[in-house]
Amino acid sequence: MTAGQTSTSTADYDAIVIGAGFAGLYALHKLRDQMGLRVRVFEAGDDLGGTWYWNRYPGARCDIESIHYSYSFSAELEQEWEWSEKYASQPEILAYLNHVADRFNLRDDIEFATRITSAVWNDDRGLWQVGSGDGSVSTGRYLISGAGNLSVPKNPEFDGIDTFVGEVYLTGKWPHEGVDFTGKRVAVIGTGSSGIQAITEIGKQAGHLTVFQRTPNYATPLGNAPSDPVRVGQVKANYPAVRDVARSSFIGVPYDQAHPSALGVSPETRRRIFDECWDEGGFRFFIDTFQDVLFDKAANDTVSNYVRERIRERVSDPVVAEKLSPTNHPYGTKRPPFETNYYETYNRDNVRLIDVASSPITAVTENGVRTAEGDYDFDVIVLATGFDAMTGPLLDMGIVGRDGRKLSDKWVDGPHTYLGLTIHGFPNLFLITGPQSPSVLYNMPLAIEDHVDFVADAIDHLRRNGLDTMEPTLDAETKWVDHANELAQATLLPGTDSWWMGANIPGKPRVCLVYLGGAPAYREICADVVDKGYEGFTLSCEGVARQLTPTQA
Ligand code: NA7
């Protein structure tokens, strides 16, 4: 909006929310039911659930304990919902989200099967014009992306994939009717978290399964089990305190603090700590061992060696065990996958492992997969090849900011955000768990709640002060990007090709997409920004931009 103009123009909605997963559902509830705003949610899928709507592949489940991987905003919801397993499966998480939608009457304000293809800031009217695939346009004062971090599957990179006469499935877009693998010759390409979960289940059903592995992963036990009623009772009796402790831990789960240094203890003590965390399962092995494993290569070697040793114990054929043992990157520099009987899958007669690092896939043919070493015939190919993570969903929506500047141009060398939440030149646009926020390294439902609460408070602040727009300054954004990059450079992560670094997509800028300072530090920074009257933001009123000082705020 230019100086002197007023923001009298009326928007269809106060807030437009994109996506009806964990983020969009809570944003709708918070803004509509707690703040009285007019809110519309647009969702590309035919139903709600986001990640948990699309990722229906066999074995899909969360890898943060469900009593923690769940909303904290409603005490009643926390008390009434029962998880049947320690780590819920995809159908159960989807049932939970449907329960939330029904309980809080959210469906009426969600437009399903509506993919947002353009979102353009109208400076004269001070609002976002949001267009969908069918040509309809809606306007909103605030635009909130709950489009997710892992919602745009990577395009298949294999020449000839369209000529394959069998069935092809992407783990991230799994058919709702399911897939029957019985008696079939199945290929799975990819051994990240999705591939590892799917391979274990498909191996049990397929006539024959061939896994194409480019990079072996450090998969460690999930430790799933039926829910323990005693433990659940203890958590439910103390939920607010449990959530506080969770939010005070690096990744948002109430686990112990890691020991300072893997090198500062005796080999026996180190082994004991690794064994304990291994046996506990899940993220404990990633975050409860030693603080220096992501910073110091020698410290990391201790954990990497330990995992390799444990893999060798479980795989009967030493040649296969060797292939499954990662050696080209340090433990934890790719997002650690968690498994249940994954390694034992390779002891089955109907499962084989093909290393495509040494002999890459050159094409998909009419009948199967071609590598430099030969052709393999299949009835079904499953692509577990990952996502255009973090920035992909945002760049997929045709976002255009002030003065017609495209987000894709602004982010040509990687994301530039302030707090991973907002972007200079894109007023009133809020990214829930955006790039350069802790996002995927923070228990997602809590990360989402923190961000939605921040946005709600910011909108409330604007309204109470008769203000229209909020936009970070270029200076604040630059400092944030530098800060996020400095944190990443201090770790071992930049040296590994991972989706955290954008390195899984050919041509994508190589930059750390995640804020690595941890949830507690990040939460403190955000609180401080608010305390200082939204430091780093320009808040505008009737077209007159002004930097509010704390006293004005
Ligand atoms: P990931 O973790 O990105 O894994 C993708 C896998 O696919 C990984 O093993 C890749 O090997 C492999 N891949 C990708 N492209 C190819 C090609 N062209 N040839 C062979 N292999 C390939 O995705 P996921 O869906 O498993 O997990 C994403 C996140 O979801 C996960 O981290 C959790 O946060 C939940 P590479 O390692 O690149 O050599």
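Biologist: In what sense do β6 and strand β18 (residues 429-431) pair?

Modeller: This is a predicted model, where local features need pLDDT of at least 70, side-chain atom pairs count only at pLDDT 80 or more, and totals for chains, interfaces and linings use all residues. Residues are numbered from 1 along each chain as its sequence is written, and side-chain values use heavy atoms, leaving out hydrogens and water. Strands are DSSP runs of E, at least two residues, numbered from the N terminus, and two of them pair if DSSP finds at least two bridges between them. β6 and β18 share three bridges, and the sense is parallel.

Biologist: Which residue in the turn between β5 and β6 has a positive phi?

Modeller: Strand β5 (residues 127-132) pairs with β6 in the antiparallel sense over four bridges. Q129 stands opposite T139 there. The two strands form a hairpin with four residues between them, and the residue with a phi of about 90° is G135.

Biologist: How many residues of strand β6 (residues 137-145) are buried?

Modeller: Buried means under 20% relative accessible area, with a 1.4 Å probe and protein chains only. Across the protein chain, 58% of the 553 residues are buried. Strand β6 is largely enclosed by the rest of the structure, because its buried residues number eight of the nine.

Key. Buried < 20%, exposed > 50% of the residue type's maximum accessible area, 1.4 Å probe, protein only.
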